[in-house]
Amino acid sequence: MQRAEVLEIMNHVLDKRGRTRLSNEDQTTREANFRSLDFSEVALRIEAKIGRELVFDAATMRRIETIKDVLDFFETVTKS
Amino acid sequence: MVDIKSENLVKFNDRALTWQELTKYGQDRLGCTERFRGTRLIFAVSSEIDALSAFATGISADLDFGILDQSRINDALRAHLKDQAVQIIEYSDSSELREICIGSEVIPGRISVLTSGTTGLPKLIAHNIESLNTFERVRELDPNCWFLPYQAGSYAWYQMIALSLFVSGQDLAPGSSNDLVQSFDDSLSSRIVTAISSTPTFWRQVLMTIDPQKLLNAPIRTITLGGEIVDQAILDRLKYIFPRANIRHIYASSEAGAAIVVTDGRAGFDAALLDSRPERPIAVRIVDGRLQVRSRYGNTEAKNEWIETGDLVEQCGDRILFCGRTNNQLINVGGQKAYPALIEAHLLTHPDVVWARVTAKRAPMVGYLPSAEIVLNKAAGNLDAERHLTLFCAGNMPEYAIPRIWHFLDSVPINTSLKS
């Protein structure tokens, strides 16, 4: 899935909760107020869009700190 | 023997018959009822007049019987009843008994209530006239004509039949199962109906379909709700439309019988009712967050023992609120527990939400997320509903309980038990 598409889904999740849209990939997820439940919802929406379940690697997940990491993560797992 | 109000009327589309006339109608249809004495029976019926006349005849002959809508019969149910030595009699063609079941224990006066069977095959719950007559404590009731929306043979249907059989001045107007809301609309047009017992889901359909002005002008004096969790939003809405009506909600089940009647216009019931003293005819208690009932109106096999209802409840101040069923109504969101019934209750307080159902959706990382199905009223227009309702939930429930996935439906889904 294209990075821009993932970003749009993330912004949709934030937007409907009245939070600020993402503008800077270097922001940490905490600074962007992007929480674990938001991450799970984004993953669920991506799964629905691509029609298959995503595979999550715990070690990779633990390294996620910034919005860029989240985008990289989803870009990678949707390709594999 | 219970005193039957044989002069009360049942008003069908084309005629009105007293219970006395319905009994005669059934006797003519069935012929000699002596031939049924050695068998536990279920009368399969395909019309309201058949259902009501079969019931009237069954109790007048003191048979061991029940009523079942023909549409519910399939091979699995047929085999299930045969295993229990219960004979299905086609009411419209009962000239002879075929394939007689052997070995059934016959108890004259037993009335078999079949559960809806939503979680498997229906169960046969044993009642009798005494356990179904929960109206013996009703001293006076204004004369009414009750719209009867329930499917023949359900516990709620028997309750309405018992009301008309045992309480003076309580007539019935059966609805058409082909289109219940339309037949309710028609009965409002003819202004014959003054009372209705139904489910919140039925009312949500009515509120979406029938002209609001017509409802405001309807001569409805008594409204009874039950069969599902009765939320504050539907109580408030009905009170607004029918300000002079006597609105009550009843907690009842085919196994526990009618147990709690709430008349104060608030959802749930008063915590003061939690009283398990043995001398109380109806007692309720909470064990491990589940409601238990001991009622003289429970099924006859319960022998006045405590019955586990399977309903989850929670005490909020002086009120006991229903949170859903034990088997399917808890969403585990990353270890946190979200109750669909409480989320639905909040969503239903939104003026544009007609109906809501919240379920668990499997989700990566956290296990499950709440997912909502919603029916909006027509006035909602182009509202950005997902964003709007998400913000409506924020601050009123924990973050993990706010639905993440939303589906917007065109109409209220409703099953034959008038539930959704």
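Me: In helix H7 of chain B, which residues are buried?
Reply: Buried means under 20% relative accessible area, exposed over 50%, and partly exposed in between, with a 1.4 Å probe and protein chains only. In H7(B), the buried residues are B:Pro200, B:Thr201, B:Phe202, B:Trp203, B:Arg204, B:Gln205, B:Val206 and B:Met208. H7 spans residues 200-209 and is mostly covered, with eight of its 10 residues buried. Helices (H or I, at least four residues) and strands (E, at least two) are DSSP runs, numbered from the N terminus.

Me: What should I know about the model and its numbering?
Reply: This is a predicted model: local features need pLDDT of at least 70, side-chain atom pairs count only at pLDDT 80 or more, and totals for chains, interfaces and linings use all residues. Residues are numbered from 1 along each chain as its sequence is written, chains are lettered from A and ligands numbered from 1 in the order in which they are written, and side-chain values use heavy atoms, with hydrogens and water left out.

Me: Which residues have the most contacts inside the largest nonpolar core?
Reply: In soluble globular proteins, nonpolar side chains tend to be buried together. A nonpolar core is a set of buried Ala, Val, Leu, Ile, Met, Phe, Trp, Tyr and Cys residues joined through side-chain atoms within 4.5 Å. Here the largest has 74 residues, and B:Phe43, B:Phe55, B:Ile67 and B:Trp157 have the most contacts inside it. Helix H5 of chain B (residues 155-166) supplies the largest share of this core, nine residues. A second, separate core has 28 residues, including B:Leu347, B:Leu376, B:Cys393 and B:Met397.

Me: What does B:Ile67 touch?
Reply: Contact means heavy atoms within 4.5 Å. Not counting residues up to four places away in sequence, the partners of B:Ile67 include B:Phe43, B:Phe55, B:Trp157 and B:Tyr158.

Me: How do helices H2 and H5 of chain B cross?
Reply: Axes are lines fitted to C-alpha atoms, for helices over the stretch in contact, and angles run from 0 to 180 degrees between N-to-C directions. The axes of H2(B), residues 48-60, and H5(B) come within 12 Å and cross at roughly 65 degrees.

Me: Which residues meet there?
Reply: From H2(B) come B:Glu48, B:Ala51, B:Leu52, B:Phe55 and B:Ile59; from H5(B), B:Trp157, B:Tyr158, B:Ile161 and B:Leu165. Ala, Val, Leu, Ile, Met, Phe, Trp, Tyr, Cys and Pro count as nonpolar, Asp, Glu, Lys and Arg as charged, and the others, Gly among them, as polar. The contact divides into eight nonpolar, no polar and one charged.

Me: Where is B:Leu172, and is it buried or exposed?
Reply: B:Leu172 lies in strand E9 (residues 170-174) of chain B. B:Leu172 is buried, at a relative accessible area of 0%. Leaving aside neighbours within four places in sequence, its contacts include B:Leu9, B:Trp19, B:Leu52 and B:Ile161.

Me: What does the side chain of B:His80 reach?
Reply: A polar contact is a pair of N or O atoms within 3.5 Å; within protein, one must be able to donate a hydrogen and the other to accept it, and residues adjacent in sequence count only if both atoms are side-chain atoms. The B:His80 side chain reaches the backbone oxygen of B:Pro122 at 2.9 Å. B:His80 sits in helix H3 (residues 75-83) of chain B and is buried, at 19%.

Me: Which phi does B:Ala85 have?
Reply: B:Ala85 has a positive phi of about 60 degrees, although it is not a glycine. B:Ala85 is in the loop between H3 and strand E5 (86-90) of chain B.
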